[in-house]
Amino acid sequence: MSSADKARVGLAADGPAPPEEEEGEGGGEAGGKEPAADAAPGPSAAFRFLVTRREPAVKLQYAVSGLEPLAWSEDHRVSVSTARSIAVLELICDVHNPGQDLVIHRTSVPAPLNSCLLKVGSKAEVAECKEKFATSKDPTVSQTFMLDRVFNPEGKALPPMRGFKYTSWSPMGCDANGRCLLAALTMDNRLTIQANLNRLQWVQLVDLTEIYGERLYETSYRLSKNEAPEGNLGDFAEFQRRHSMQTPVRMEWSGICTTQQVKHNNECRDVGSVLLAVLFENGDIAVWQFQLPFVGKESISSCNTIESGINSPSVLFWWEYEHNNRKMSGLIVGSAFGPVKILPVNLKAVKGYFTLRQPVVLWKEMDQLPVHSIKCVPLYHPYQKCSCSLVVAARGSYVFWCLLLISKAGLNVHNSHVTGLHSLPIVSMTADKQNGTVYTCSSDGKVRQLIPIFTDVALKFEHQLIKLSDVFGSVRTHGIAVSPCGAYLAVITTEGMVNGLHPVNKNYQVQFVTLKTFEEAAAQLLESSVQNLFKQVDLIDLVRWKILKDKHIPQFLQEALEKKIESSGATYFWRFKLFLLRILYQSMQKTPSEALWKPSHEDSKILLVDSPGMGNAEEEQEEGTSRQASRQGLQERSREGDPEDPIDDSLTPGDAGGREPMEEKLLEIQGKIEGVEMHLTREHMKRVLGEVYLHTWITENTSIPTRGLCNFLMSDEEYDDRTARVLIGHISKKMNKQTFPEHCSLCKEILPFTDRKQAVCSNGHIWLRCFLTYQSCQSLIYRRCLLHDSIARHPAPEDPDWIKRLLQSPCPFCDSPVF
Ligand SMILES: [Zn+2]
Ligand SMILES: [Zn+2]
């Protein structure tokens, strides 16, 4: 750490400004390169780990394209930029599927059909200038013009510019279903925001390149009034300037922030918003602010342009730092010449946010090592006892890192380089947001894992090699992405050299390897601060795999989970238990071939009928996915023979005479599943009743079947819950003798509340119950959770806010969004 530099820079905050010191803003004379790490012996044996391949490998139809072609979203979708489309692979931790393979649902975002022309002036004027430059007598003008793909996206004599340059996932909670949005940048510079709202198609919500171009046109290509008057488009330099100021290089989303909106009655309302920073070729950065949920053009609240003055900018990332409930943010920008700095971002509308007083230079040398990728991870420094930000940047074959700590004296910056990682330049870098572990990859199939180890003042990295050739054979690698909780690494591969010869064909594939053991995943789930199964799909998928293989839940996990349930009672642990039981049930399904051709979700069990609103195509596609996966699982099993199957003889299906114990076992698990589902239902019923109590007045009717819920909760004598009793007592007082029953919309008869899943009137009309509000869904259009284990009604305009909020809740059984 001797080489780490230190610098202090003042902060712009609301209080009195801390003293500023001018001792070189980070980066500096020491050169910052750590002693060659390759000279040092590898990490200790205890530190080694093995990666394991996960089936299936996903074949891509087209060659990958662009920079960092792989990205893994917080809601577990992997995007792959290719020459024709963005392939999106959604990882589903399917509790209804007995196959051991990953269950992957594929969709794709097609590239637009028309090429994108940046707006640099009126149509007539642009056509005239283009003609003039193409036929110019000056070869420096005509050749530069003809060969520039931004000016000539259609190509004519040149090959077409198709496919995608870069994609970026928003945080979870941004689209209308509370999931992630995808910002997509095409090779010909069209930046759009895409959403997948119906599980099938992606729709373009907005074309930001077009809107930005219009804005520039309206302001005569000047960012501020003080700027010199507009130049002449016929001037080649001006023609180039107008293109460069709107050619996106990359874009990144911020975290979700809260803004306050003043309503007509002067009441303030908190509104979620998110920022998208777009870095342009000339160094300008547009910061778009969107109101959430983002639905389209009308969700744009503002767009401000920052002039960074950075030459040849190559990459950007948000710096977000939280300290004593104060949030700081800025934009980290890297240049193809080497420097890295953080720029202040002033956002007046965003409450509780502060930014830097001035840019902070993290690396200032113009050493011609291009910054290829930047990541920033918030961490807690155990020795300095404060939160800090770890910034890592891939520069050539090195990793440059920076640790930022804020103390009373200002901002402390420590930085250095990690060398000896790769012999070829880094092509892709990804970071585990939970613990700051960084993965880098060069094109020769070598991945390095870098683990930050805190020292007294800053940190150092221990690193080790993951040779993908040990798992996949000889491969070339084009991109990597780590899953949100660090359980898996996705890798784009093509065939590598065999006997010194390059392969004839290139088959692009996305492959998956595990980065954690089952025990590590289980421990992380038990100690989770997130307490949401859906957000940890990668971890629970590892657990699923283990249980399907072993056909039992490991003792230590069962015991630890029971302890958690006893000590905390949090519904998260109950949902975790439900998940384990459901997988255990799947693992004991009779034979794979029987399970194979059955619909993967048993309608009788989850009481789902096909609704005309949902359409069948979707159903078929999803079935297709799981069927294919199971089939591969089957092949896998028959190839391997049976050696690893019979772990517990009494539980192995299909053995002579083993039938009955097996069926009993299944019934027993089913009984347990129902018990846990009932517990979770009651807990959610209590929550709903709590809301009813808070938000309704005695005489006001409520559309929630309140009396039915109360009676349902009290009907089981074995269920004795003090909170439930007290709550029901309070509600009964409020309701007095009123009952607020629901009525069947077909015959107007009363719908009794006897079943948590459905309501049947005296004339036999059957309606499903919404799992979020327990109202009967009297239309055939409803929403489902991702695993199809519950349904919910759509919010109606007349619903009060508190019911709308209840309807936004995730599935009470699996935490997945309902849509
Ligand atoms: Zn009826
Ligand atoms: Zn669910």
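Colleague: What spacing do the donors of the zinc ion (ligand 2) follow along the chain?

Modeller: This is a predicted model, so read every value as computed. The spacing is C-x3-D-x21-C-x2-C. The protein donors are Cys785 (SG), Asp789 (OD), Cys811 (SG) and Cys814 (SG). They lie 1.9 to 2.3 Å from the zinc ion (ligand 2).

Colleague: Where do Asp789 and Cys814 sit in the chain?

Modeller: Asp789 is in the loop between strand E38 (783-784) and strand E39 (791-792). Cys814 is in the segment after helix H16 (801-807). The pair is 25 residues apart and links distant parts of the chain. Asp789 is buried, at a relative accessible area of 4%. Cys814 also counts as buried, at 7%.

Colleague: How do I read the geometry at a zinc ion? Why is the arrangement around ligand 2 irregular?

Modeller: Start from the ideal: 109.5 degrees for four tetrahedral donors. Around the zinc ion (ligand 2), the 4 donor atoms subtend angles of 78 to 141°, so the arrangement is irregular. A tetrahedral call needs all angles between 85 and 135 degrees.

Colleague: And which arrangement do the donors of the zinc ion (ligand 1) make?

Modeller: Tetrahedral, because the angles of its 4 donor atoms run from 104 to 122°. The protein donors here are Cys744 (SG), Cys747 (SG), Cys761 (SG) and His765 (ND1), at 2.1 to 2.3 Å. Their spacing is C-x2-C-x13-C-x3-H. Cys747 and Cys761 are 14 residues apart. Cys747 lies in the loop between strand E33 (742-743) and strand E34 (750-751). Cys761 lies in the loop between strand E35 (758-760) and strand E36 (766-769).

Colleague: Is each of these two, Cys747 and Cys761, buried or partly exposed?

Modeller: Cys747 is partly exposed, at 22% relative accessibility. Cys761 is buried, with 4%.

Colleague: Now the rings. How many aromatic pairs are there in the whole structure?

Modeller: A search finds 23. Describe a pair by the distance of the centres and the angle of the planes. Take Phe290 and Phe294: 4.7 Å centre to centre, 75° between the planes, edge-to-face. Both residues are buried.

Colleague: Which pair links strand E24 and strand E29?

Modeller: Trp401 in E24 and Phe461 in E29, 60 residues apart. This pair is edge-to-face too, at 6.1 Å and 65°. Trp401 is buried at 0% relative accessibility, and Phe461 is buried at 8%.

Colleague: Which ring does Arg54 lie over?

Modeller: Trp545, at 4.2 Å from the ring centre. Likewise, the charged end of Lys119 sits over the ring of Tyr217, 4.3 Å from its centre.

Methods:
Residues numbered from 1 in each chain as written. Chains lettered and ligands numbered in written order. Predicted model: local features only at pLDDT ≥ 70, side-chain atom pairs only at ≥ 80, totals over all residues. Heavy atoms only, no water. Donors = N, O, S within 2.8 Å, 3.2 Å for Na, K, Ca; no water. Tetrahedral: all angles 85-135°; square planar, octahedral: opposite > 155°, others 65-115°. Helix = DSSP H or I, 4+ residues; strand = E, 2+ residues; numbered from the N terminus. Buried < 20%, exposed > 50% of the residue type's maximum accessible area, 1.4 Å probe, protein only. Phe/Tyr/Trp six-rings, centres within 6.5 Å; stacked < 30°, edge-to-face > 60°. Lys NZ or Arg CZ within 6 Å of the ring centre and 35° of its normal.
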